[in-house]
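Dear colleague,

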Amino acid sequence: MKKSFLPLFLLLAFANYSIAQQIKRPDGKTMSVSAINNIVKKLMDTAEVTGLQLGIVNNNTTVFAKGYGYSNIALKKLNNANTCFYAASLAKPLFGYVVMHLVDEGKIDLDRPLYQYLPKPLPEYDNYKDLANDARWKLITARMCLSHTTGLPNWRQFTPHKKLEILFTPGDRYSYSGEGIQLLQLAVETIAGKPLEILARKKVFKPFGMTRTDYLWQPRFESDYAVGHDWNDDTIPKRRSDKAAAAGSMETTVTDYTRFMAAVMQGKGLSAKSAAEMLSPQISIKSKRQLDGPEIQAVNPNESIKLAYGLGWGLFNTPYGKAFFKEGHLDGWGHYVIGFPDKKIALVIMCNSSSSESIFKELVEKLTGVTIPWYWENYIPYRQNIKLPVNVLQQYVGEYDGKLKAIVSVVNGKLKVESPTVHLSKTNLYAVNDHHFFLKIMETDIDFVKDASGKVIKAMLDDEGEKYELKKVK
(Lines give C-alpha, C1' and ligand atoms only; values in the text may rest on other atoms or scores of the structure.)
Protein backbone atom coordinates (compact mmCIF):
# COMPACT_ATOMS: atom_id res chain seq x y z
CA MET A 1 0.00 0.00 0.00
CA LYS A 2 2.81 2.41 0.95
CA LYS A 3 4.79 1.61 -2.20
CA SER A 4 1.88 2.57 -4.44
CA PHE A 5 1.05 5.68 -2.43
CA LEU A 6 4.51 7.28 -2.56
CA PRO A 7 4.82 7.64 -6.37
CA LEU A 8 1.30 9.09 -6.49
CA PHE A 9 2.19 11.54 -3.72
CA LEU A 10 5.35 12.63 -5.53
CA LEU A 11 3.45 13.03 -8.80
CA LEU A 12 0.85 15.25 -7.16
CA ALA A 13 3.53 17.26 -5.39
CA PHE A 14 5.40 17.84 -8.65
CA ALA A 15 2.18 18.87 -10.41
CA ASN A 16 1.42 21.40 -7.66
CA TYR A 17 4.99 22.73 -7.83
CA SER A 18 4.73 23.18 -11.60
CA ILE A 19 1.50 25.14 -11.26
CA ALA A 20 2.98 27.33 -8.51
CA GLN A 21 6.36 27.75 -10.22
CA GLN A 22 7.37 31.34 -10.85
CA ILE A 23 8.82 32.20 -14.27
CA LYS A 24 11.23 35.13 -14.41
CA ARG A 25 10.88 37.98 -16.92
CA PRO A 26 13.69 40.25 -18.14
CA ASP A 27 12.20 43.18 -16.21
CA GLY A 28 12.66 41.31 -12.93
CA LYS A 29 9.00 40.45 -12.44
CA THR A 30 7.74 36.88 -12.14
CA MET A 31 4.71 35.06 -13.52
CA SER A 32 3.00 31.88 -12.46
CA VAL A 33 2.41 29.04 -14.90
CA SER A 34 -1.35 29.51 -14.50
CA ALA A 35 -1.01 33.20 -15.41
CA ILE A 36 0.98 32.27 -18.52
CA ASN A 37 -1.63 29.70 -19.53
CA ASN A 38 -4.42 32.24 -19.10
CA ILE A 39 -2.65 34.86 -21.24
CA VAL A 40 -1.91 32.39 -24.04
CA LYS A 41 -5.38 30.87 -24.10
CA LYS A 42 -7.14 34.24 -24.02
CA LEU A 43 -5.09 35.62 -26.91
CA MET A 44 -5.51 32.44 -28.94
CA ASP A 45 -9.26 32.53 -28.43
CA THR A 46 -9.58 36.25 -29.23
CA ALA A 47 -7.49 36.13 -32.40
CA GLU A 48 -8.63 32.60 -33.36
CA VAL A 49 -5.15 31.09 -33.38
CA THR A 50 -5.48 27.37 -34.05
CA GLY A 51 -2.34 26.03 -32.41
CA LEU A 52 0.69 27.26 -30.49
CA GLN A 53 3.77 25.98 -28.69
CA LEU A 54 5.54 28.02 -26.01
CA GLY A 55 8.97 27.57 -24.47
CA ILE A 56 10.73 29.67 -21.82
CA VAL A 57 14.35 29.72 -20.66
CA ASN A 58 15.37 31.00 -17.21
CA ASN A 59 18.98 30.99 -16.06
CA ASN A 60 19.93 29.39 -19.40
CA THR A 61 17.74 26.34 -18.66
CA THR A 62 14.34 25.34 -20.03
CA VAL A 63 11.73 25.95 -17.33
CA PHE A 64 8.58 25.83 -19.46
CA ALA A 65 7.54 24.01 -22.63
CA LYS A 66 3.93 23.42 -23.58
CA GLY A 67 1.61 22.96 -26.53
CA TYR A 68 -1.78 24.64 -26.92
CA GLY A 69 -4.65 24.19 -29.34
CA TYR A 70 -4.73 21.85 -32.29
CA SER A 71 -1.97 20.21 -34.30
CA ASN A 72 -4.70 19.28 -36.79
CA ILE A 73 -8.10 20.81 -36.15
CA ALA A 74 -9.83 18.70 -38.80
CA LEU A 75 -8.78 15.55 -36.95
CA LYS A 76 -9.17 17.15 -33.49
CA LYS A 77 -5.54 16.34 -32.66
CA LEU A 78 -3.97 18.44 -29.91
CA ASN A 79 -0.51 20.00 -29.73
CA ASN A 80 2.00 19.14 -27.04
CA ALA A 81 5.57 20.21 -26.39
CA ASN A 82 6.94 17.40 -28.60
CA THR A 83 4.66 17.85 -31.60
CA CYS A 84 6.83 18.44 -34.68
CA PHE A 85 6.33 21.85 -36.30
CA TYR A 86 7.62 23.12 -39.63
CA ALA A 87 10.31 25.58 -38.49
CA ALA A 88 10.25 27.90 -41.55
CA SER A 89 13.03 30.51 -41.19
CA LEU A 90 13.97 29.40 -37.68
CA ALA A 91 16.19 27.08 -39.70
CA LYS A 92 18.43 30.00 -40.70
CA PRO A 93 20.10 30.90 -37.38
CA LEU A 94 20.61 27.22 -36.62
CA PHE A 95 22.45 26.95 -39.94
CA GLY A 96 24.42 29.99 -38.81
CA TYR A 97 25.50 28.04 -35.75
CA VAL A 98 26.82 25.27 -38.01
CA VAL A 99 28.77 27.88 -39.99
CA MET A 100 30.33 29.30 -36.82
CA HIS A 101 31.53 25.79 -35.95
CA LEU A 102 33.34 25.70 -39.30
CA VAL A 103 34.82 29.12 -38.57
CA ASP A 104 36.23 27.81 -35.28
CA GLU A 105 37.63 24.79 -37.12
CA GLY A 106 39.41 27.08 -39.57
CA LYS A 107 37.50 25.65 -42.52
CA ILE A 108 35.78 28.88 -43.55
CA ASP A 109 36.70 32.54 -43.20
CA LEU A 110 33.72 34.85 -42.75
CA ASP A 111 35.33 37.50 -44.96
CA ARG A 112 36.77 35.40 -47.75
CA PRO A 113 34.68 35.56 -50.96
CA LEU A 114 32.65 32.37 -51.23
CA TYR A 115 33.53 31.73 -54.86
CA GLN A 116 37.08 31.00 -53.75
CA TYR A 117 35.81 27.87 -52.02
CA LEU A 118 34.02 26.56 -55.10
CA PRO A 119 35.61 24.38 -57.83
CA LYS A 120 34.09 26.45 -60.64
CA PRO A 121 32.80 30.01 -61.14
CA LEU A 122 29.44 30.62 -59.50
CA PRO A 123 27.52 31.36 -62.76
CA GLU A 124 28.52 27.90 -64.05
CA TYR A 125 26.18 26.37 -61.48
CA ASP A 126 22.68 26.04 -62.94
CA ASN A 127 21.12 27.83 -59.98
CA TYR A 128 23.35 30.90 -60.47
CA LYS A 129 23.63 31.29 -64.23
CA ASP A 130 21.55 34.48 -64.02
CA LEU A 131 24.56 36.21 -62.45
CA ALA A 132 26.85 35.66 -65.43
CA ASN A 133 26.82 39.34 -66.45
CA ASP A 134 27.25 40.79 -62.97
CA ALA A 135 30.72 40.19 -61.52
CA ARG A 136 29.66 41.45 -58.09
CA TRP A 137 29.01 37.82 -57.10
CA LYS A 138 32.77 37.70 -56.48
CA LEU A 139 32.29 40.04 -53.49
CA ILE A 140 29.85 37.91 -51.52
CA THR A 141 31.15 36.43 -48.26
CA ALA A 142 29.75 34.21 -45.50
CA ARG A 143 29.44 37.25 -43.25
CA MET A 144 27.25 38.94 -45.83
CA CYS A 145 25.03 35.87 -46.19
CA LEU A 146 24.44 35.55 -42.45
CA SER A 147 23.85 39.29 -41.98
CA HIS A 148 21.60 39.56 -45.07
CA THR A 149 23.79 42.06 -46.89
CA THR A 150 24.53 40.05 -50.07
CA GLY A 151 22.42 42.25 -52.35
CA LEU A 152 20.45 39.17 -53.43
CA PRO A 153 16.63 39.25 -53.24
CA ASN A 154 14.71 37.24 -50.66
CA TRP A 155 13.60 34.82 -53.40
CA ARG A 156 14.08 35.23 -57.14
CA GLN A 157 10.51 34.18 -57.97
CA PHE A 158 9.25 37.36 -56.31
CA THR A 159 11.40 39.72 -58.40
CA PRO A 160 9.92 41.52 -61.44
CA HIS A 161 11.92 39.40 -63.89
CA LYS A 162 11.66 36.12 -61.90
CA LYS A 163 15.44 35.84 -62.13
CA LEU A 164 18.27 35.95 -59.62
CA GLU A 165 19.92 39.35 -59.58
CA ILE A 166 22.14 41.45 -57.34
CA LEU A 167 20.14 44.49 -56.23
CA PHE A 168 23.00 46.51 -54.70
CA THR A 169 26.72 46.22 -54.03
CA PRO A 170 27.20 43.32 -51.57
CA GLY A 171 27.94 44.50 -48.04
CA ASP A 172 26.40 47.92 -48.60
CA ARG A 173 23.12 47.52 -46.67
CA TYR A 174 20.65 45.11 -45.11
CA SER A 175 18.05 43.32 -47.23
CA TYR A 176 16.62 40.00 -46.04
CA SER A 177 17.62 37.18 -48.38
CA GLY A 178 16.82 33.49 -48.35
CA GLU A 179 18.84 33.28 -51.56
CA GLY A 180 21.92 34.42 -49.65
CA ILE A 181 21.47 31.65 -47.09
CA GLN A 182 21.12 29.04 -49.85
CA LEU A 183 24.28 30.32 -51.53
CA LEU A 184 26.17 29.90 -48.27
CA GLN A 185 24.82 26.36 -47.97
CA LEU A 186 26.38 25.54 -51.35
CA ALA A 187 29.74 26.80 -50.11
CA VAL A 188 29.48 25.06 -46.73
CA GLU A 189 28.62 21.68 -48.22
CA THR A 190 31.47 22.05 -50.71
CA ILE A 191 33.97 22.95 -47.99
CA ALA A 192 32.87 20.22 -45.58
CA GLY A 193 32.30 17.59 -48.25
CA LYS A 194 29.10 16.65 -46.43
CA PRO A 195 25.42 17.57 -46.79
CA LEU A 196 23.89 20.08 -44.39
CA GLU A 197 21.73 17.52 -42.59
CA ILE A 198 24.81 15.49 -41.58
CA LEU A 199 26.67 18.59 -40.37
CA ALA A 200 23.69 19.83 -38.36
CA ARG A 201 23.12 16.47 -36.69
CA LYS A 202 26.75 16.27 -35.61
CA LYS A 203 27.33 19.86 -34.53
CA VAL A 204 23.93 20.95 -33.18
CA PHE A 205 21.10 18.41 -32.98
CA LYS A 206 22.93 15.59 -31.19
CA PRO A 207 25.03 17.74 -28.78
CA PHE A 208 21.96 19.72 -27.67
CA GLY A 209 19.62 16.74 -27.38
CA MET A 210 17.36 17.90 -30.22
CA THR A 211 15.95 14.45 -30.96
CA ARG A 212 12.92 15.63 -32.94
CA THR A 213 14.66 18.14 -35.19
CA ASP A 214 16.11 17.67 -38.67
CA TYR A 215 16.50 19.39 -42.03
CA LEU A 216 14.94 16.31 -43.66
CA TRP A 217 11.63 14.69 -42.78
CA GLN A 218 12.21 11.66 -40.55
CA PRO A 219 9.94 8.61 -40.10
CA ARG A 220 9.97 9.19 -36.34
CA PHE A 221 8.14 12.49 -36.88
CA GLU A 222 5.07 10.67 -38.22
CA SER A 223 3.85 9.77 -34.73
CA ASP A 224 3.17 13.38 -33.75
CA TYR A 225 3.31 16.31 -36.15
CA ALA A 226 1.33 19.46 -36.85
CA VAL A 227 -0.13 20.78 -40.09
CA GLY A 228 -0.55 24.47 -40.86
CA HIS A 229 -3.94 26.20 -40.74
CA ASP A 230 -4.94 29.12 -42.96
CA TRP A 231 -6.96 32.22 -42.00
CA ASN A 232 -10.16 30.19 -42.21
CA ASP A 233 -8.81 27.41 -39.97
CA ASP A 234 -8.63 25.05 -42.95
CA THR A 235 -5.71 22.64 -42.84
CA ILE A 236 -2.78 22.98 -45.25
CA PRO A 237 -1.22 19.76 -46.61
CA LYS A 238 1.98 18.75 -44.81
CA ARG A 239 5.26 19.28 -46.62
CA ARG A 240 7.79 16.52 -45.96
CA SER A 241 11.20 17.78 -47.02
CA ASP A 242 13.43 15.30 -48.83
CA LYS A 243 16.13 17.86 -49.59
CA ALA A 244 17.86 19.96 -46.95
CA ALA A 245 17.48 23.73 -47.34
CA ALA A 246 19.31 25.96 -44.86
CA ALA A 247 16.77 28.70 -45.43
CA GLY A 248 13.76 26.65 -44.41
CA SER A 249 13.35 22.87 -44.63
CA MET A 250 13.72 22.14 -40.94
CA GLU A 251 11.22 20.37 -38.70
CA THR A 252 11.47 20.90 -34.92
CA THR A 253 9.56 21.12 -31.64
CA VAL A 254 9.32 23.82 -29.00
CA THR A 255 11.18 21.52 -26.60
CA ASP A 256 14.10 21.19 -29.00
CA TYR A 257 14.27 24.80 -30.13
CA THR A 258 14.10 26.09 -26.57
CA ARG A 259 17.16 23.94 -25.83
CA PHE A 260 18.85 25.53 -28.82
CA MET A 261 18.07 29.04 -27.55
CA ALA A 262 19.57 28.19 -24.17
CA ALA A 263 22.69 26.89 -25.93
CA VAL A 264 23.00 30.03 -28.07
CA MET A 265 22.95 32.28 -25.00
CA GLN A 266 25.79 30.21 -23.51
CA GLY A 267 27.70 29.91 -26.78
CA LYS A 268 27.83 26.15 -26.28
CA GLY A 269 30.19 24.37 -28.66
CA LEU A 270 31.66 27.63 -29.99
CA SER A 271 34.72 29.65 -29.09
CA ALA A 272 34.05 32.76 -27.02
CA LYS A 273 35.03 34.86 -30.03
CA SER A 274 32.58 33.18 -32.42
CA ALA A 275 29.75 33.21 -29.89
CA ALA A 276 30.23 36.92 -29.29
CA GLU A 277 30.58 37.72 -33.01
CA MET A 278 27.33 35.93 -33.80
CA LEU A 279 25.37 38.26 -31.50
CA SER A 280 27.28 41.43 -32.42
CA PRO A 281 25.85 44.04 -34.86
CA GLN A 282 27.15 43.56 -38.40
CA ILE A 283 24.86 46.06 -40.13
CA SER A 284 22.43 48.74 -38.93
CA ILE A 285 18.87 48.30 -40.20
CA LYS A 286 17.25 51.44 -41.60
CA SER A 287 14.23 50.06 -43.45
CA LYS A 288 10.67 50.74 -42.33
CA ARG A 289 9.65 47.10 -42.86
CA GLN A 290 11.78 43.96 -42.86
CA LEU A 291 10.84 42.90 -46.39
CA ASP A 292 10.98 46.36 -47.94
CA GLY A 293 14.02 45.23 -49.87
CA PRO A 294 17.06 47.47 -50.15
CA GLU A 295 15.14 50.66 -49.33
CA ILE A 296 16.72 52.95 -46.72
CA GLN A 297 14.74 55.65 -44.95
CA ALA A 298 16.13 59.20 -44.80
CA VAL A 299 15.46 59.06 -41.06
CA ASN A 300 16.15 55.70 -39.42
CA PRO A 301 12.84 54.64 -37.81
CA ASN A 302 14.63 52.07 -35.65
CA GLU A 303 17.49 54.22 -34.38
CA SER A 304 16.16 54.41 -30.82
CA ILE A 305 16.45 50.65 -30.32
CA LYS A 306 19.61 50.22 -32.45
CA LEU A 307 17.96 47.62 -34.67
CA ALA A 308 20.67 45.66 -36.44
CA TYR A 309 21.58 42.24 -37.76
CA GLY A 310 24.22 39.92 -36.41
CA LEU A 311 25.20 36.56 -37.88
CA GLY A 312 21.90 34.75 -38.32
CA TRP A 313 20.05 36.84 -35.73
CA GLY A 314 18.28 40.18 -35.55
CA LEU A 315 19.41 42.43 -32.69
CA PHE A 316 18.00 45.37 -30.77
CA ASN A 317 18.44 47.12 -27.45
CA THR A 318 15.89 46.84 -24.65
CA PRO A 319 15.69 48.50 -21.22
CA TYR A 320 17.02 45.19 -19.85
CA GLY A 321 20.01 44.70 -22.14
CA LYS A 322 20.46 43.54 -25.71
CA ALA A 323 18.10 41.07 -27.35
CA PHE A 324 18.53 38.69 -30.28
CA PHE A 325 15.57 37.39 -32.25
CA LYS A 326 14.35 35.53 -35.31
CA GLU A 327 11.04 35.09 -37.08
CA GLY A 328 9.63 32.17 -39.06
CA HIS A 329 6.81 32.52 -41.57
CA LEU A 330 4.96 30.59 -44.24
CA ASP A 331 1.26 30.26 -45.02
CA GLY A 332 -0.20 28.44 -42.03
CA TRP A 333 2.88 29.00 -39.84
CA GLY A 334 4.22 31.86 -37.72
CA HIS A 335 7.11 31.73 -35.21
CA TYR A 336 9.00 34.18 -33.05
CA VAL A 337 11.96 33.58 -30.75
CA ILE A 338 13.78 36.13 -28.63
CA GLY A 339 16.68 35.86 -26.19
CA PHE A 340 18.00 38.22 -23.52
CA PRO A 341 21.54 36.96 -22.92
CA ASP A 342 22.31 39.47 -20.15
CA LYS A 343 19.34 38.08 -18.20
CA LYS A 344 19.78 34.44 -19.30
CA ILE A 345 16.12 34.45 -20.39
CA ALA A 346 14.58 33.43 -23.71
CA LEU A 347 11.13 32.94 -25.20
CA VAL A 348 10.12 30.60 -28.04
CA ILE A 349 6.72 30.96 -29.74
CA MET A 350 5.79 28.56 -32.53
CA CYS A 351 2.37 28.52 -34.19
CA ASN A 352 0.64 26.46 -36.87
CA SER A 353 -1.87 29.15 -37.75
CA SER A 354 -1.93 32.09 -40.17
CA SER A 355 -3.65 34.16 -37.48
CA SER A 356 -0.76 33.77 -35.05
CA GLU A 357 1.41 36.76 -35.88
CA SER A 358 -1.40 39.12 -34.89
CA ILE A 359 -0.84 38.20 -31.21
CA PHE A 360 2.97 38.29 -31.14
CA LYS A 361 3.31 41.94 -30.07
CA GLU A 362 0.95 41.55 -27.12
CA LEU A 363 2.09 38.06 -26.17
CA VAL A 364 5.78 38.98 -26.02
CA GLU A 365 5.01 42.16 -24.09
CA LYS A 366 2.96 40.28 -21.50
CA LEU A 367 5.50 37.49 -21.08
CA THR A 368 8.68 39.59 -21.09
CA GLY A 369 7.76 43.23 -20.47
CA VAL A 370 9.58 44.12 -23.72
CA THR A 371 8.13 45.73 -26.85
CA ILE A 372 9.56 44.10 -29.97
CA PRO A 373 10.02 45.91 -33.33
CA TRP A 374 6.59 44.62 -34.31
CA TYR A 375 5.84 47.11 -37.09
CA TRP A 376 9.15 46.38 -38.80
CA GLU A 377 8.31 42.68 -38.60
CA ASN A 378 4.77 43.32 -39.91
CA TYR A 379 3.18 41.86 -36.79
CA ILE A 380 0.01 43.92 -37.10
CA PRO A 381 -2.12 43.33 -33.97
CA TYR A 382 -5.44 41.54 -34.32
CA ARG A 383 -8.70 43.45 -34.53
CA GLN A 384 -11.18 42.88 -31.76
CA ASN A 385 -14.19 40.88 -32.84
CA ILE A 386 -17.25 39.33 -31.25
CA LYS A 387 -19.03 36.03 -31.77
CA LEU A 388 -22.65 36.23 -32.92
CA PRO A 389 -25.28 33.49 -32.72
CA VAL A 390 -26.17 31.68 -35.93
CA ASN A 391 -29.71 33.13 -36.00
CA VAL A 392 -28.18 36.62 -36.25
CA LEU A 393 -25.73 35.58 -38.96
CA GLN A 394 -28.48 33.93 -41.03
CA GLN A 395 -30.10 37.27 -41.88
CA TYR A 396 -27.06 38.24 -43.98
CA VAL A 397 -27.06 35.07 -46.09
CA GLY A 398 -27.69 35.70 -49.78
CA GLU A 399 -26.31 37.10 -53.03
CA TYR A 400 -25.18 40.69 -53.44
CA ASP A 401 -24.65 42.46 -56.77
CA GLY A 402 -23.02 45.67 -57.92
CA LYS A 403 -19.63 46.53 -59.36
CA LEU A 404 -18.56 43.42 -57.46
CA LYS A 405 -20.55 40.28 -56.79
CA ALA A 406 -20.59 38.56 -53.41
CA ILE A 407 -22.21 35.47 -51.95
CA VAL A 408 -22.66 35.30 -48.19
CA SER A 409 -23.30 32.01 -46.38
CA VAL A 410 -23.11 30.40 -42.95
CA VAL A 411 -20.88 27.33 -42.65
CA ASN A 412 -20.36 25.53 -39.34
CA GLY A 413 -21.60 28.55 -37.42
CA LYS A 414 -19.35 31.06 -39.20
CA LEU A 415 -20.33 33.78 -41.66
CA LYS A 416 -18.40 33.49 -44.92
CA VAL A 417 -18.14 35.53 -48.09
CA GLU A 418 -17.00 34.58 -51.59
CA SER A 419 -16.77 36.58 -54.80
CA PRO A 420 -16.45 35.22 -58.35
CA THR A 421 -15.62 38.77 -59.50
CA VAL A 422 -12.29 38.88 -57.68
CA HIS A 423 -11.74 35.10 -57.45
CA LEU A 424 -12.23 35.10 -53.69
CA SER A 425 -13.07 31.65 -52.30
CA LYS A 426 -15.14 31.25 -49.14
CA THR A 427 -13.50 33.33 -46.43
CA ASN A 428 -14.48 34.00 -42.84
CA LEU A 429 -16.11 37.29 -41.89
CA TYR A 430 -15.43 38.58 -38.37
CA ALA A 431 -17.97 40.67 -36.50
CA VAL A 432 -17.20 44.07 -34.99
CA ASN A 433 -20.87 44.38 -34.00
CA ASP A 434 -24.16 42.90 -35.20
CA HIS A 435 -23.88 44.42 -38.69
CA HIS A 436 -20.24 45.38 -39.31
CA PHE A 437 -17.73 42.70 -40.35
CA PHE A 438 -14.15 42.47 -41.63
CA LEU A 439 -11.85 40.03 -43.41
CA LYS A 440 -8.46 38.99 -42.05
CA ILE A 441 -6.90 37.99 -45.36
CA MET A 442 -7.19 41.53 -46.71
CA GLU A 443 -8.04 45.02 -45.46
CA THR A 444 -11.73 44.82 -46.27
CA ASP A 445 -14.78 45.80 -44.20
CA ILE A 446 -18.43 45.04 -44.93
CA ASP A 447 -21.33 46.90 -43.34
CA PHE A 448 -24.77 45.35 -43.87
CA VAL A 449 -27.64 47.85 -44.19
CA LYS A 450 -31.27 47.18 -43.26
CA ASP A 451 -34.49 48.94 -44.26
CA ALA A 452 -37.08 50.29 -41.84
CA SER A 453 -38.59 46.83 -41.37
CA GLY A 454 -35.21 45.34 -40.35
CA LYS A 455 -34.63 43.46 -43.61
CA VAL A 456 -31.09 43.43 -45.02
CA ILE A 457 -31.13 45.26 -48.37
CA LYS A 458 -27.48 45.93 -49.22
CA ALA A 459 -23.86 45.69 -48.18
CA MET A 460 -21.42 48.60 -48.13
CA LEU A 461 -17.91 47.35 -48.84
CA ASP A 462 -14.70 49.21 -48.05
CA ASP A 463 -11.68 47.60 -49.72
CA GLU A 464 -8.57 49.56 -48.64
CA GLY A 465 -10.40 52.83 -49.20
CA GLU A 466 -12.27 51.76 -52.35
CA LYS A 467 -16.03 51.96 -51.68
CA TYR A 468 -18.61 49.62 -53.23
CA GLU A 469 -22.38 49.35 -52.78
CA LEU A 470 -23.78 45.86 -53.34
CA LYS A 471 -27.53 45.34 -53.39
CA LYS A 472 -28.96 42.14 -51.98
CA VAL A 473 -30.63 40.38 -54.91
CA LYS A 474 -31.42 36.97 -53.46
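In what follows, a residue is called buried under 20% relative accessible area, exposed over 50%, and partly exposed in between (1.4 Å probe, protein chains only). The model is a predicted one: local features need pLDDT of at least 70 and side-chain atom pairs count only at pLDDT 80 or more, while totals for chains, interfaces and linings use all residues. Residues are numbered from 1 along each chain as its sequence is written, and side-chain values use heavy atoms, with hydrogens and water left out.

Surface patch

Trp231, Ile441 and Met442 make a nonpolar surface patch of about 230 Å². Such a patch is built from residues with over 30% relative accessible area and no salt bridge, nonpolar side chains (Val, Leu, Ile, Met, Phe, Trp, Tyr) being joined within 5 Å and like charges within 9 Å; the areas come from the Shrake-Rupley method with a 1.4 Å probe. Isoleucine 441 is located in the loop between β21 (436–438) and β22 (444–450), where helices (H or I, at least four residues) and strands (E, at least two) are DSSP runs numbered from the N terminus. Isoleucine 441 counts as partly exposed because its relative accessibility is 36%.

Salt bridges

The count is 21 salt bridges, each being a side-chain nitrogen of Lys or Arg within 4 Å of a carboxyl oxygen of Asp or Glu.

One of them joins aspartate 256 and arginine 259 (3.4 Å, N to O). Both residues belong to helix α7 (residues 254–266) and are three residues apart, about one turn of the helix. Aspartate 256 is buried, at a relative accessible area of 2%, whereas arginine 259 is partly exposed at 35%.

Another pairs arginine 383 with aspartate 445, with the closest N and O atoms 3.0 Å apart. Arginine 383 is in the loop between α9 (360–368) and α10 (390–393) and aspartate 445 is in strand β22, so the pair ties together parts 62 residues apart in sequence. Arginine 383 is partly exposed, at 37% relative accessibility; aspartate 445 is buried, with a relative accessible area of 16%.

A further bridge links glutamate 469 and lysine 458, whose closest N and O atoms are 3.7 Å apart. Glutamate 469 lies in strand β24 (residues 466–472) and lysine 458 in strand β23 (residues 456–463), eleven residues apart. Glutamate 469 is partly exposed at a relative accessible area of 40%, and lysine 458 is partly exposed at 22%.

With kind regards
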